[in-house]
Amino acid sequence: MTTLVPLGAFIALSAALFFIGMAGVLVRRNAVVILMCVELMLNAANLALVAFSRRLGLIDERGSVFVVFVFVIAAAEVAVGLAIVLALYRNRPTVDVDEVREMKG
Amino acid sequence: MLDVIEPILFGVLALAIVGAAAGVVLADRVTTSALLMAFTFLNMAGMFVLLGAETIAAFQVLIYVGAITVLILYGVMFTPQAPRAYGLFFQKQTPAGALIAALAGLPVMVIAFAFRDTANIPPRGGDLVPLASSIFTDFAFPFEVASVLLLAAMVGAIVLVKREERGSGSAGPNDTTSPEHSRAKPVIGRARE
């Protein structure tokens with residue numbers, strides 16, 4: 001069975017998703033939405049890792065192992081990130097990252 | 001016949017992923033963003049199946065669509081979501097923004113499409129056995145470190161949302177996938193009082 005979808009298409013989709021997530025991180029000011037966009041960027045990196053691992057042939061199956069680690073990091077990141085957002089919301093009634101500027105020089 | 005199915009599937013999944021991801025960024029309501037994010041992750045699982053990584057696709061559905069989306073939805077639930085318009089898109093900088101996006105995006109796309117398939121891995125057969133043998137032999141130590149990281153994240157999340165005052169005592173973490181859930185409930189309850 002021939003693979004008709006080229007590797008470049010997967011990498012291009014991954015880049016597009018990464019840039020969409022980056023635009024979200026830069027544009028949105030809600031901390032929860034920023035977390036969501038960071039998850040999108042992590043997932044785009046996962047797609048690139050799996051595509052390279054399955055199609056490039058240089059690395060056998062090990063790219064997929066890194067995807068598993070990225071899953072772990074993403075889960076830990078979103079748990080701690082939401083805890084930080086909740087702690088922030090307890091101290092001041094906002095989740096707008098523009099309104100939290102105590103440590104701004 | 002079978003050769004046409006795969007590009008069609010790729011096109012449908014790619015459209016859904018890009019559209020839903022753009023919806024995550026552009027949606028006014030945060031709940032809409034969260035559910036569109038879940039939809040993006042689900043379509044990404046389909047993309048992993050298309051790449052022949054079924055185990056990763058299963059992990060994707062379990063962790064991203066299951067755990068992370070639920071966590072994000074809890075975060076949406078416990079925080080106030082002001083309906084704030086995103087005033088940054090489509091202003092008068094749109095031509096300059098489009099120019100910069102094109103200048104940045106074109107080289108990226110050229111580089112992306114420059115990659116060619118060189119593997120002779122059979123697309124059938126799944127990736128569970130190589131993945132598992134790789135994790136538990138070559139990557140056994142990082143695997144254990146990852147478990148320690150998860151434990152540290154769980155403890156950290158509990159400590160961060162813990163209230164020192166009365167009554168916050170001894171509930172304990174009862175769910176490892178949503179550590180702040182059990183602690184975060186009193187927060188919104190007190191905030192409403």
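This is a predicted model: local features need pLDDT of at least 70, side-chain atom pairs count only at pLDDT 80 or more; totals for chains, interfaces and linings use all residues.
**View 1. The helices of chain B.** Chain B contains 7 helices and 0 strands. Read from the N terminus, its elements follow the order α-α-α-α-α-α-α. Of its 193 residues, 26% count as buried. Among the contacts in chain B with a separation of 6 or more, 49% join residues 24 or more positions apart.

**View 2. The contact between chain A and chain B.** Here 65 residues of chain A are in contact with 73 residues of chain B. On the side of chain A that touches chain B, helix 1, helix 2 and helix 3 of chain A each supply at least two residues. Helix 3 of chain A gives the largest share of this side, 22 residues. Sorted by class, this side of chain A has 48 nonpolar, 9 polar and 8 charged residues.

**View 3. The largest nonpolar core.** This core has 78 residues, and the members that touch the most others are A:Val32, A:Met36, A:Ala79 and B:Ile72. In chain A, the elements that give two or more residues to the core are helix 1 (7-27), helix 2 (31-55) and helix 3 (62-91). In chain B, they are helix 1 (2-26), helix 2 (30-50), helix 3 (54-78) and helix 6 (140-161). Helix 2 of chain A provides the largest share of the core, 16 residues. The core also draws at least three residues from each of two domains of chain B, domain 1 (1-82 + 97-127) and domain 2 (139-193).

**View 4. Helix 2 of chain A.** This helix has 25 residues, and the distance from its first C-alpha to its last is 36 Å. That span is close to the 36 Å expected at 1.5 Å a residue. Because 22 of the 25 residues of helix 2 of chain A are buried, this helix is largely enclosed by the rest of the structure.

**View 5. The surroundings of B:Thr69.** This residue is located in helix 3 of chain B. B:Thr69 has 21 C-beta neighbours inside 10 Å and therefore counts as buried, the cut-off being 20 or more. Leaving aside residues up to four places away in sequence, B:Thr69 touches B:Ala34, B:Met37, B:Ala38 and B:Tyr64. From B:Thr69 to B:Val25 the separation is 44 residues in sequence and 16 Å in space, C-alpha to C-alpha.

Terms used
Residues are numbered from 1 along each chain as its sequence is written. Chains are lettered from A and ligands numbered from 1 in the order in which they are written. A nonpolar core is a set of buried Ala, Val, Leu, Ile, Met, Phe, Trp, Tyr and Cys residues joined through C-beta atoms within 7 Å. A residue is buried if 20 or more other C-beta atoms lie within 10 Å of its own, exposed if 12 or fewer, and partly exposed in between; C-beta atoms are placed from the backbone. Helices (H or I, at least four residues) and strands (E, at least two) are DSSP runs, numbered from the N terminus. Domain bounds come from an automatic or database domain assignment. Two residues are in contact if their C-beta atoms, placed from the backbone, lie within 7 Å. Ala, Val, Leu, Ile, Met, Phe, Trp, Tyr, Cys and Pro count as nonpolar, Asp, Glu, Lys and Arg as charged, and the others, Gly among them, as polar. The expected span of a helix is 1.5 Å times one less than its number of residues.
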